Amino acid sequence: MEKEKELKKEKEIFDNIIGYDDIKKTLKTIVDMLNNGKKYKKMGCAMSHGLLLYGPPGTGKTSIANEIMNNVQRTKYVIRKVKSDGSFINYMNGIFDKAKKNQPSIILLDDIDKFSENGGFINNNEEYVAVQSFIDSIKDEDIYVIATANDISSLPKSLKRAGRLDNRLLIDIPKEKDMVKVFTHYLKSKKIDDNVNIKNISCILSNTSCAELENVCNQAGIYAAYDNKKKIYMEDLVRAALELKYEAVINDINQEDNYAINVAYHEAGHALIGELLEPGSVSFITIAKSDSNTRGFTTFHNNDDYFSDIKFMTNRVKTLLAGKAATEVVFNSCDVGTSSDLDRAYTIVRRLVDDYCMNDFNSCNFYGASEKAKMSKEDNANRTITDYYSEVKTMLIENRHILDALANELKDKKILFENEIKEIIDSFNKEKKDI
C-alpha cells in the first residue's frame, strides 16, 4: 500500500508544469534528494546546496520553484525584494535565522537578479555579498536554497560556484512540441470551436513565453465575447496571436488594393522557394499590416543547423531574395519593400565569403582587413547574391503556376499555414505525376 502511495505521488509531482520533460526528470531527483537524503548519503553522494533556475521572463521559473517547495517536507521561506529602503539585508538575515531554527527547511530567493540596487557586473554589491555570506553560513545545516533569475550575467561568479548555487537549470522558451502542450493546457478552460488548429496557432507564437501564450488565449476570448460569439474561433486566436506577437492587424488590408496583391506575391515567393529548397521549413505567411509598416511577412521553423551548415545558409539567402524576385517576375517592376530582406541576405553572404572563404581566399579577414580584401569581399558578395538571384528567378518562372496559386490564396485568406502551403504545392506535384 505504501509503495502504491509513493508511485501515485511520483506521478503527481510536476504534473501541472506543462512540457519541460527533460528538466522535470532533474527536478524530481532534487525533490527526492530533499525528502530522502539518507539514501543518497549512504551512496556517498554529497548533497547539493542550492538550485538556480534562470531564463527569459514568463517561462515559469517561479511556478517550478513553488512546485519544488510544495513537494518537499520542509519548512518553507520565500524572499522577494519589495523594499528599497536599506532594510533588505536585515530582512534576509532574519529569514535565514528562522530557517536555521526550523530545519529541515528550504528558502526561495525569487528574482535574485533584482536584489541589488546597483545592477549587475559589480561583484561586491552588498546585497550579493550578503547572500553569499548567508549561504555560506548554512553550509553544514539542513537548508536548501532555490533562486530564480532572468539574467544570470548580472550575478557575481562567486555566487554561482560549487557550494552555493551549484546546480543551474535553464528554463527556456518552450520548443514547438512543448508549445502545443502549453497552448492546449491554457485553452482547456475556454470554450473553443472544434475547427481550431492549435498547431497552426503555435506556429505564429514560436519563441513565445508561457505567460504570453496564456495572454493570447485570454485575449482571443475577449475578442470572441465582444463579438457575442458562443465559442472562440480560429480567427479570434489568429487575431490575438498576430497582434500580441507581431503588433500586426490581419483585417486591415483591402483585397482590391494593388499593393496588397504585390505583397501577396512577395510573400508567396518566399514561401515557394523556401519549400522547394527545404520542404516543411515554412511556418506561415501573412499579408497582415504591422505598426512597423510591414505589410506582410514569412516565418520559418527554427533550424538548429542554420549557422553550422553551408547548405542551410545558402538556402536561406535564396529564400530571402525570392520576395523581390517574385515581384519582378510577375509585375516586371522593382519591389521597394525588400530592404530588410536584402540586408539579411547580404549579412549571411558576407559571413560565407569572409568568415568561411566560401568561394576563394582573396577576401578573408583573418589578418586584418586590407583595402584590397574589403573590395574583394564586396565583389565576392555581390557576385554571389547576383548568381543566387538569377537562380531564384528561374525557379519561380518554372513554378509560376504554384506561385500564382499561393499568392491568390494568400490574398483571399490573408494568412496561410504550413499545412495549407504544403497542400497547394502537393496538388500541383500530383498533377505532374498524373500527366
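## The largest cavity

Helix 12 (258-277) and helix 13 (310-331) each supply at least two residues of the lining of the largest cavity in this structure, which is a predicted model. The largest share of that lining, 3 residues, comes from helix 13. The space that lies in the largest cavity is about 40 Å³.

## The second largest cavity

The structure holds 2 cavities of 30 Å³ or more, and the second largest cavity has a volume of about 30 Å³. His-49, Ile-135, Ile-138, Lys-139 and Ile-143 line the second largest cavity, and by kind these lining residues divide into 3 nonpolar, 1 polar and 1 charged.

## The chain as a whole

Seen as a whole, the chain contains 17 helices and 10 strands, and of its 435 residues 46% count as buried. Among the contacts in the chain with a separation of 6 or more, 72% are accounted for by residues 24 or more positions apart. The accessible surface of the chain comes to about 23,000 Å², and carbon and sulfur atoms make up 48% of that surface.

## Aromatic pairs around Phe-297

The count of aromatic pairs in the model comes to 8. One of them is formed by Tyr-246 and Phe-297, a tilted pair with 4.7 Å from centre to centre and 35 degrees between the planes. Tyr-246 lies in helix 11 (residues 234-246) and Phe-297 in strand 9 (residues 297-300), so this pair ties together parts that are 51 residues apart in sequence. The two partners fall into separate accessibility classes: Tyr-246 counts as partly exposed because its relative accessibility is 24%, whereas Phe-297, at 14%, counts as buried.

Phe-297 also forms an aromatic pair with Phe-284, and this one is edge-to-face, with 6.0 Å from centre to centre and 80 degrees between the planes. Since Phe-284 lies in strand 7 (residues 282-286) and Phe-297 in strand 9, the pair ties together parts that are 13 residues apart in sequence. Phe-284 has 0% relative accessibility and therefore counts as buried. Taken together, ring pairs link Tyr-246, Phe-284, Phe-297 and Phe-417 into a cluster.

## Ile-385 in helix 15

Ile-385 has its place in helix 15 (residues 371-398), and because its relative accessibility is 6%, Ile-385 counts as buried. If residues up to four places away in sequence are not counted, Ile-385 touches Val-317, Leu-321, Ala-345, Tyr-346 and Val-349. Ile-385 can also be placed relative to Lys-318, from which it is 67 residues apart in sequence and 8.4 Å apart in space, C-alpha to C-alpha.

## Ser-206 in a loop

Ser-206 lies in the loop between helix 9 (198-204) and helix 10 (210-226). Although it is a loop residue, Ser-206 counts as buried, because its relative accessibility of 18% falls under the 20% cut-off. When its neighbours within four places in sequence are left aside, Ser-206 is in contact with Met-179 and Lys-245.

Technical notes. Residues numbered from 1 in each chain as written. Predicted model: local features only at pLDDT ≥ 70, side-chain atom pairs only at ≥ 80, totals over all residues. Heavy atoms only, no water. Helix = DSSP H or I, 4+ residues; strand = E, 2+ residues; numbered from the N terminus. Buried < 20%, exposed > 50% of the residue type's maximum accessible area, 1.4 Å probe, protein only. Contact = heavy atoms within 4.5 Å. Areas by Shrake-Rupley, 256 points an atom, 1.4 Å probe, with all protein chains shown as cover. 1 Å grid on protein atoms, 1.4 Å probe; cavity = no way out; pocket = protein on both sides within 12 Å on 5 of 7 lines; lining within 4 Å. Points joined across faces, edges and corners; volume = space filled by probe spheres on them. Nonpolar A, V, L, I, M, F, W, Y, C, P; charged D, E, K, R; others polar. Phe/Tyr/Trp six-rings, centres within 6.5 Å; stacked < 30°, edge-to-face > 60°.
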